[in-house]
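Here is a short briefing on selected helices and backbone features. Keep the structure open while reading.

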Amino acid sequence: MSAPTPSGSPIGRLAPHESAARHVTGEALYVDDLPEPRGTLHGHAVTSPHARARILGIGTEGARAVPGVVAVLLAGDVPGLNQVGAVVHDEPLLAEGEVHTEGQAVALVLAESPRAARLGAEAVAVQYQELPPILGISEAIAAGAFLCEPHVLRRGDPDAALAGAPLRLSGRVESGGQDHFYLETQCALAVPEEGGGLRVFSSTQHPSEVQAKVAEVLGIPRHRVVVEVPRLGGGFGGKETQAAPFAALASLGAWRTGQPVKVWLDRDRDMRQTGRRHPFRTDWEAGFDGEGRLLALVARVFADGGWSADLSRAILDRCLFHLDNCYHLPALRFEGRVVRTNRASNTAFRGFGGPQGVLVVEEVLNRAAERLGLDPADVRRLNLYGPAPRDRTPYDQPVGDFRAGRMIERLLASSDYRRRRESIEVANASSRWTKRGIGLQAVKFGISFTTAFLNQAGALVLVYADGSVQLNHGGVEMGQGLHTKMRAVCAHELGVPVEAVRVMATSTEKVPNTSATAASSGSDLNGQAVLEACAAVRERMRPVAATLLGLPAGEGEALVFSEGRVSHPGTGLSAPFADVASACWLARISLSATGYYRTPGIHYDPSVGRGRPFFYFAYGAAVTEVEVSGLTGEHRVLRVDVLHDVGASLTPTVDRGQVEGAFVQGLGWLTTEELVFDESGHLLTHSPSTYKVPAIGDVPEDFRVDLLPSSPHDGTIHGSKAVGEPPLMLAISAVTALRHAVGAFGARGREVELSYPCTPEAVLRAVEAARRDAGPARAGSPDAARVEAEPRIGEPQAT
C-alpha cells in the first residue's frame, strides 16, 4: 500500500527533469560517449543496395587486405541462431541466399577504426541478381503478399445500415510513414567478460529483448549476457525491437574476436537501414443521418509491414482498436491485414498504429461535415460515446469514465472556439489569397500492451546505512522523464528528499525479464513495482524506528516517513531517516527489496474480436488555428489550445513537456515529414536536408497546454495516467483546420481533397481542386484576382 501524500512529498510537484543539467552541460553519457575499452574494434555492416536480389557470391579478400581490418563475418560465422525477428523468426541477422530490402545486412567488417571498417565494407564484393520488388501496398495486395491473417471486428448489420443511410460516403485514406529521427542514432558496444560472459551497452528501449536475441545468436543462455542502458537520446518506438540487430552484430564480433566491438550508425545509414512508422491504406464506407450522426462504418485496413513481421500484427490490432476514437459506432465491420513489401521492416512508433486508425474516422467525420455544411466540431460532439448502450467499443469494452465530452466543452469555451470560427468565416470571405481555418480534435487512447503478458514490471530498491538510496527498475530513460517520476515515487514512499535517491542505469542484472519501455506504460508499470519495493523496506523499518524513538513496537504502524525524518504524530517524537537506516543495519534488518507488478483484468480474444485489451483510456482535446497561402500552399500554425487528461500528474512539468512534444511530432507526421523513394525502392529522403522534421519555427508561438485538473484515476500509481502517446493524435486538429481553410477557396457543400502528409504541395493541390469545383469567378481564383500581389504568409489578410 502506498504511503499517504504528506505536504513535503514530491508527488504532483513541479520539478526539473532529473538529467536536465547533465543534458545541457554534456555530462549525460550515452552509449557512444562511454570510454572504449582497450582494443575496441569497430563494426560496419555491408548492406544490400537493392530492394530485392539473390546473392550469387560474396568476396571478402579485398576487405581483408584493407589496413586495419581484423575480420569479415558472414552468416556462416553465426554460432547460434541467425535470427533476430522480434516475434516471428523471419529476419536473419546476416542475409543468406536473398536480400529483401535496401540496407539489409549481408556481412560485418571489423576493424581498428571506424574509417578502416567503412573502407573494408566498401571493398567487400557481393554479386547480386536483381529480382522484381514489391514496393507498395497495392502491389502487395495484388501479389497476395501478406504477413498475417485478417483481423476482423464486427457489430450489428453495417450493410443494412449503409443501405438505409440518408447520406452515404466512401473514400480512401492513405497515411505515410515517419522516420523516428531520434537525436542519438542506433549504437551498441559489446565487451567480453571472464567465464564466457558478455556485457552489452545498448541504446535500446527493451534490454531484455536485446539480451534474448544476443543469447540466441551466440547460442548461449541468457545469464551469460548482461545488457545495460545508460540512457537513450530518444526512441519513439524505433529502439523497441530494432536496436537488437545492431547489439547482436556487435556481440557476434566480440564473440568471434575476443575483443570489444562497437557498432554505430550515422544518420544516413540509420534512416536507410531501420524501419519507420507504418504506412496505412484504408478503404472506407460510412452512412450518416441528415444531422451528421454516424450510423455505420465499414473499413478495410492494410498496413505496410515492410519485409519482415517485426511488431506489425500488434500495430495493426491497435489501429483497429482506435478506428472508433471517441465515437460510438452503432454498426461496423473492420478488417485489417499487414502486407509484405521490399521496404525496411516497419516497426513501433509513438502511437503504435493508433494514430493511423484515429486519422481514418476523423477524415470520415470531416467529409460528412463538409458535405452537410456543418461545423465539424458539432459533428464530433454529436457522435461521442455516452451512457449505455452508447458506451461499448467495437471490441465490446466499456469506455467507463469517458472524459472527452466534458473536456471538449471546457476547451471550446476556454479557446473561444465559436467566436474565433465566426471571425475566421467573415475574414475568409473578404480575403482573396490567404485563408484561415480552425479545427477541434479529441482523442481516446487505450493504455496497456495489447499483448497481455507484456504488462508486468519489476524494481529493486537498496537503502544504505547512511540513508541514501539506489533505485533500479526495468524502465528505460529516453528523455521522457521516466526516471524523474520513478525517483519521485521512491522518495515519496520512503519519505526522503529526491536528492537522496539515485536512479541507476537500467540493467538486466538488476531487474530480469522486463518489458519494453513502450505503450505509454512506463510509469504505470514500473511505478507500481517501485512502490511495492519501497513499501517492503519501509514496513521492515517501522518496528526499529519505534524502538529508536522509545515507543512500543506496535506504535510503528503510526509512524510517518516524510521530509527525511520518521515521526510519531501522537508524541511529536522523530528521528532522521538516516539514523533509522543505520539502526536497521545494526539490528540486521534487510534494507533491500524487489517489487513486482502486473496489470490486472486485461484480456482479448482475436478469434471473436471481443475483450478488454486496455486497463483504461487516456483522453485529450485540442483546438488548432492555421493560415494557408492559396498561391503556394504554405501554411503555418497560429495557435494551439490543448487540454489533456493525465489523471493526477506525478510530475506536471514532465507531463506538459510530453504533451507539447507529442503534438509537434504528430504535426510533423501530418504536415512536413514525407518519405520519398525512387522507382527501384531506394530511399531519397535520408538526411535532414531532404526529410523535414518540424523545426522551432514550426512550433506555434501561441501554444497553450493545460492538464485536466482534479481528475485522479483509480487503480493507477497515485492516480496518474499515461501521457507519452495520446497527445500525438491531437495534431489531427491541424488537418481539420487546414481543411477548413482550403474549403474556403471553394464552394460550400464540397468535400476537400487533401492528401497526407499535408505538405505545401499537397495543400496547393487541394486549393486548386477546390477552386475548380467553385468555378472561375470564385474569390481567390486567378481569374478573379490575377493582378493582386501575393501577400506573404503571416501578413494581415487583404480585404
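Start where two helices meet: Met-541, Val-544, Ala-545 and Leu-548 in helix 15 contact Phe-577, Asp-579, Val-580, Ala-581, Ala-583 and Cys-584 in helix 16. By class, this contact has 9 nonpolar, no polar and 1 charged residues. The model is a predicted one.

**Helix 15 and helix 16**

- Two packed helices are described by the angle between their axes and the distance between those axes.
- Here helix 15 spans residues 522-548 and helix 16 spans residues 577-586.
- Their axes come within 9 Å and cross at roughly 105 degrees.
- Angles of 65 to 115 degrees count as roughly perpendicular, so helix 15 and helix 16 are roughly perpendicular to each other.

**Helix 13**

- Helix 13 covers residues 417-430, which makes 14 residues.
- From first C-alpha to last, helix 13 reaches 20 Å, close to the 20 Å expected at 1.5 Å a residue.
- Which residues of helix 13 are buried? They are Tyr-417, Arg-420, Arg-421, Ile-424 and Asn-428.
- An α-helix has 3.6 residues a turn, so residues three or four places apart point the same way.
- Exposed residues Glu-422, Val-426 and Ala-429 are on the face of helix 13 turned away from its buried side.
- The buried residues of helix 13 pack against three helices and three strands: helix 11 (376-382), helix 12 (404-414), helix 18 (732-743), strand 16 (434-447), strand 27 (616-629) and strand 28 (635-644).

**Cis peptide bonds**

- Ala-388 and Pro-389 are joined by a cis peptide bond, with omega near 10 degrees.
- Pro-389 sits in the loop between helix 11 and helix 12.
- The bond from Tyr-756 to Pro-757 is cis, with omega about -5 degrees.
- Pro-757 belongs to the loop between helix 18 and helix 19 (760-774).

- Phe-236 is not a glycine, yet its phi is positive, near 60 degrees.
- Look for Phe-236 in the loop between strand 11 (225-229) and helix 7 (244-257).
- Phe-236 is partly exposed, at 28% relative accessible area.
- Asn-325, not a glycine, has a positive phi of about 45 degrees.
- The loop between helix 9 (312-321) and strand 15 (331-339) holds Asn-325.
- Is Asn-325 buried or exposed? Asn-325 is buried, with a relative accessible area of 0%.

Conventions: Residues numbered from 1 in each chain as written. Predicted model: local features only at pLDDT ≥ 70, side-chain atom pairs only at ≥ 80, totals over all residues. Heavy atoms only, no water. Helix = DSSP H or I, 4+ residues; strand = E, 2+ residues; numbered from the N terminus. Expected span 1.5 Å × (residues − 1). Buried < 20%, exposed > 50% of the residue type's maximum accessible area, 1.4 Å probe, protein only. Contact = heavy atoms within 4.5 Å. Axes fitted to C-alpha atoms, helices over the stretch in contact; angles between N-to-C directions. Parallel < 35°, antiparallel > 145°, perpendicular 65-115°, else oblique. Nonpolar A, V, L, I, M, F, W, Y, C, P; charged D, E, K, R; others polar.
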